[in-house]
Amino acid sequence: MTRNDWTKEEILAIYNKPLMELLYEAATVHRIHHDPNKVQVSTLLSIKTGGCPEDCGYCPQAARYHTDIEGNDLMSVSQVKAQALRAKSSGSSRVCMGAAWRNVKDGKEFDNVLEMVRTINKLDMEVCCTLGMVTENQAKRLAEAGLYAYNHNLDSSEEYYKEVISTRGYQDRLDTISNVRKSKVTVCSGGIIGMGESLEDRAGMLVALATLNPQPESTPINALVPVEGTPLEEQQKISIWEMLRMIATTRIVMPETQVRLSAGRTDMSREGQAMCFFAGANSIFAGDKLLTTPNPNVDDDMEMFKLLGLKPQKAFEKKSQPQSVSAEESKYKHLGEKPKWSRPGHTIERNVEAKAKSKTKV
Ligand code: SF4
């Protein structure tokens with residue numbers, strides 16, 4: 001049975017078990033709730049890159065850090081359709097569209113995103129969006145267009161989150177997830193390890209996710225990919241052992257969730273990834289870019305699947321395809337809402353330094 005009352009102490013005790021015991025327990029839970037030979041494959045598509053006003057310390061898309069990424073305006077519906085078809089033909093069952101926005105704003109751009117959702121849904125693929133904070137009405141409009149999942153990561157524990165981001169609060173994240181829950185869209189929420197957080201913070205993040213009721217249908221576990229110019233550029237990369245423990249612990253406390261082995265796979269060997277699948281990871285991102293950071297290429301992944309006897313999960317195996325309502329038949333209006341998402345605005349030294357450094361660059 002899925003529990004929603006996990007404590008930090010219980011989760012730390014699981015995380016710190018002797019590794020063989022931890023892996024055995026996680027693999028056992030995994031087999032009860034999932035086919036261990038199936039892995040869900042998603043393609044992440046950056047539909048609007050860079051120029052983001054937020055200050056997330058790990059993110060090269062934050063305008064203030066002036067990293068080397070090339071920004072672009074919102075892609076067109078036809079460009080997105082072409083990319084989705086390519087993703088489908090290479091084995092992906094889901095397209096996740098990411099826009100570097102603080103929050104969704106009602107208007108032309110959001111209308112275009114809704115059209116992208118309808119278009120991909122018609123290709124019989126699962127559609128996910130990650131667009132920043134959303135209101136309940138916006139979540140319902142996405143649901144009505146045929147959105148399958150909405151991603152909004154908690155990133156870390158509530159305590160450590162304050163060391164990474166100052167332009168929005170943890171509660172905004174929880175409120176966004178709660179708004180998505182009021183629609184029929186499934187929730188995708190996870191976080192990043194390797195940002196300098198303690199083991200207590202990792203456990204704290206899992207408490208926040210596992211005590212959501214219901215738990216997220218999908219949880220990405222990312223390893224920080226330190227990018228030059230960002231405040232976390234000098235962070236040490238985490239070891240495979242930490243990733244393995246995090247995946248296994250997530251699997252045990254969130255038994256029904258699809259646990260996604262996300263950013264950081266380029267630094268993992270096939271053996272390391274195989275251990276993560278054994279420990280309960282059953283989702284990956286395919287394609288050589290994860291928004292802006294590198295990812296293994298899809299042919300290498302398919303070769304790995306063959307080697308390990310893994311099969312890509314088909315679309316809508318876990319939940320049926322949402323119906324998609326056309327813009328003309330929509331029963332929701334755009335309300336032109338101007339929600340007051342918070343701006344804590346506390347000082348994070350390394351974020352301030354990275355911003356100052358970027359200004360001195362020629
Ligand atoms: S993680 Fe998202 S919200 Fe934060 S800076 Fe990057 S694009 Fe903006």
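Predicted model: local features only at pLDDT ≥ 70, side-chain atom pairs only at ≥ 80, totals over all residues.

Reader: Why does cysteine 128 count as buried?

Author: Because a residue is called buried if 20 or more other C-beta atoms lie within 10 Å of its own, and cysteine 128 has 25.

Reader: Ok. Which element is cysteine 128 in?

Author: Cysteine 128 is part of strand β3.

Reader: And what does cysteine 128 touch, not counting residues up to four places away in sequence?

Author: Its contacts, with those residues left out, are Ser42, Arg94, Cys96, Tyr148, Ala149, Tyr150, Asn151 and Cys188.

Reader: Take Cys96 then. Where is cysteine 96, and is it buried or exposed?

Author: Cysteine 96 sits in strand β2. It counts as buried, because it has 28 C-beta neighbours inside 10 Å. Leaving aside neighbours within four places in sequence, cysteine 96 is in contact with Ser42, Leu44, Leu45, Cys128, Thr130 and Asn151.

Reader: Changing topic: there's a ligand. What surrounds the ligand?

Author: Around the ligand are Cys52, Glu54, Cys56, Cys59, Gln61, Ala62, Ala100 and Gly132. By type, the shell has five nonpolar residues, two polar and one charged.

Reader: Which cysteines does UniProt annotate there?

Author: The unreviewed entry has a "binding site" annotation covering Cys52, Cys56 and Cys59.

Reader: Where are cysteine 52 and cysteine 56?

Author: Cysteine 52 is in the loop between β1 and α3, and cysteine 56 is in the loop between β1 and α3. Cysteine 52 is buried, with 22 other C-beta atoms within 10 Å. Cysteine 56 is buried, with 24.

Reader: What is cysteine 56 in contact with, leaving aside neighbours within four places in sequence?

Author: With those neighbours set aside, cysteine 56 is in contact with Ala62, Val164 and Ile165.

Reader: Now the helices. How many residues does α4 have?

Author: Helix α4 (residues 108-122) has 15 residues. From its first C-alpha to its last it reaches 21 Å, close to the 21 Å expected at 1.5 Å a residue. Its buried residues include Phe110, Leu114 and Val117.

Reader: What do the buried residues of α4 pack against?

Author: They pack against β1, α3, β2, β3 and α5. Just after α4, aspartate 124 takes a positive phi of about 60°.

Reader: And how many residues of α9 are buried?

Author: In α9, 11 of the 14 residues are buried, so the helix is mostly covered. Ile247 is one of the buried residues.

Reader: How many residues are in the largest nonpolar core?

Author: That core has 96 residues, and those with the most contacts inside it are Val117, Leu142, Leu147, Tyr150 and Ile247. Leucine 142 touches Val117, Leu147 and Tyr150, among others.

Reader: Last one. Which residues does UniProt give for the "Radical SAM core" domain?

Author: The unreviewed entry places that domain at residues 37-265. Over those residues the chain is 35% helix and 18% strand, and the end C-alpha atoms are 19 Å apart.

Conventions
Residues numbered from 1 in each chain as written. UniProt positions renumbered as here; feature names shortened; annotations may be inferred. Helix = DSSP H or I, 4+ residues; strand = E, 2+ residues; numbered from the N terminus. Near = placed C-beta within 6 Å. Nonpolar A, V, L, I, M, F, W, Y, C, P; charged D, E, K, R; others polar. Core = buried A, V, L, I, M, F, W, Y, C linked by C-beta atoms within 7 Å. Buried ≥ 20, exposed ≤ 12 C-beta atoms within 10 Å, placed from the backbone. Contact = placed C-beta atoms within 7 Å. Expected span 1.5 Å × (residues − 1).
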